[in-house]
Amino acid sequence: MSNIDAITLIDATPERVFDVVSSFGWLGDVSRVVPLSGPVGLGANFATETRWMGRRFEIVMMVDGYCHPSSLSVVSVGARQFAFRGSYTISRQDGLTCVHLRMTVAARGWWKLFSRLAHRAAADKTADAVARLHEAFRGPMVTA
């Protein structure tokens, strides 16, 4: 299991940042997200599609933590190759909004042979996600 952390500051209110984060539309081609059940909230499910090592992966994710405007977390449901957890913690810091993104990836079965590659790919996708989040606000990117 590996954790990837990214912390960034955005010049917008926590409420606005949370609304953008919870829409998942800002992810673009990092991961395609399709809602499967109603609006985003506790227990909501959505399908994600991503590519890695030339393979296309579809994973159902479920919102398992939702506290507007301070935190949102999702967990993979039924993924055979990897278990994923993503959490966003949003707070006010020096007049800006701080977003702490933590992605946890755990390989399963023989996919454990690819754990290091999976960690590197998840780190790259996390960095891409943070950059996309900044693009959504069209502001300068400040990372910690």
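Predicted model: local features only at pLDDT ≥ 70, side-chain atom pairs only at ≥ 80, totals over all residues.
Visitor: How many bridges join β5 to β6, and which residue in β6 is the bridge partner of S73?
Guide: Strand β5 spans residues 71-77 and strand β6 residues 82-93, and the two run antiparallel. Five bridges join them. In β6, S73 has as its bridge partner S87.

Visitor: Which residue in the turn between β5 and β6 has a positive phi?
Guide: β5 and β6 form a hairpin, with four residues between the strands. In that turn, a positive phi of about 75° belongs to G78.

Visitor: Over how many bridges do β6 and β7 pair, and what is the phi of D94 in their turn?
Guide: β7 covers residues 96-107 and pairs with β6 in the antiparallel sense over 12 bridges. G86 has M103 as its bridge partner in β7. These two strands also form a hairpin, with two residues between them. The phi of D94 in the turn is positive, about 50°.

Visitor: Why is C67 in no disulfide, and how far away is the nearest cysteine sulfur?
Guide: A disulfide needs two cysteine sulfur atoms within 2.5 Å. The structure holds zero disulfides.

Visitor: Is C98 buried or exposed?
Guide: Buried means a relative accessible area under 20%. C67, at 40%, is partly exposed. C98 has 8% relative accessibility and therefore counts as buried.

Visitor: Which side chain makes a polar contact with the side chain of T104?
Guide: T104 is found in strand β7 and is buried, with a relative accessible area of 13%. Leaving aside neighbours within four places in sequence, T104 is in contact with residues including M1, A83 and R85. The polar contact of its side chain, at 2.6 Å, is with the side chain of N3.

Visitor: What is the geometry of the aromatic pair formed by F18 and Y66?
Guide: The pair links distant parts of the chain, with F18 in helix α1 and Y66 in strand β4, 48 residues apart. F18 is buried at 0% relative accessible area, whereas Y66 is partly exposed at 34%. The ring centres are 5.3 Å apart. Planes over 60 degrees apart count as edge-to-face, so the 75° between these planes makes the pair edge-to-face.

Visitor: What is the geometry of the aromatic pair formed by F82 and F84?
Guide: The whole structure has two aromatic pairs. F82 is buried, at 4% relative accessibility. The F82 and F84 rings lie 6.1 Å centre to centre, and with 40° between the planes the pair is tilted.

Definitions and conventions. Residues numbered from 1 in each chain as written. Heavy atoms only, no water. Pairing = 2+ DSSP bridges. Buried < 20%, exposed > 50% of the residue type's maximum accessible area, 1.4 Å probe, protein only. Polar contact = N/O pair within 3.5 Å; in protein donor to acceptor, adjacent residues only side chain to side chain. Contact = heavy atoms within 4.5 Å. Phe/Tyr/Trp six-rings, centres within 6.5 Å; stacked < 30°, edge-to-face > 60°.
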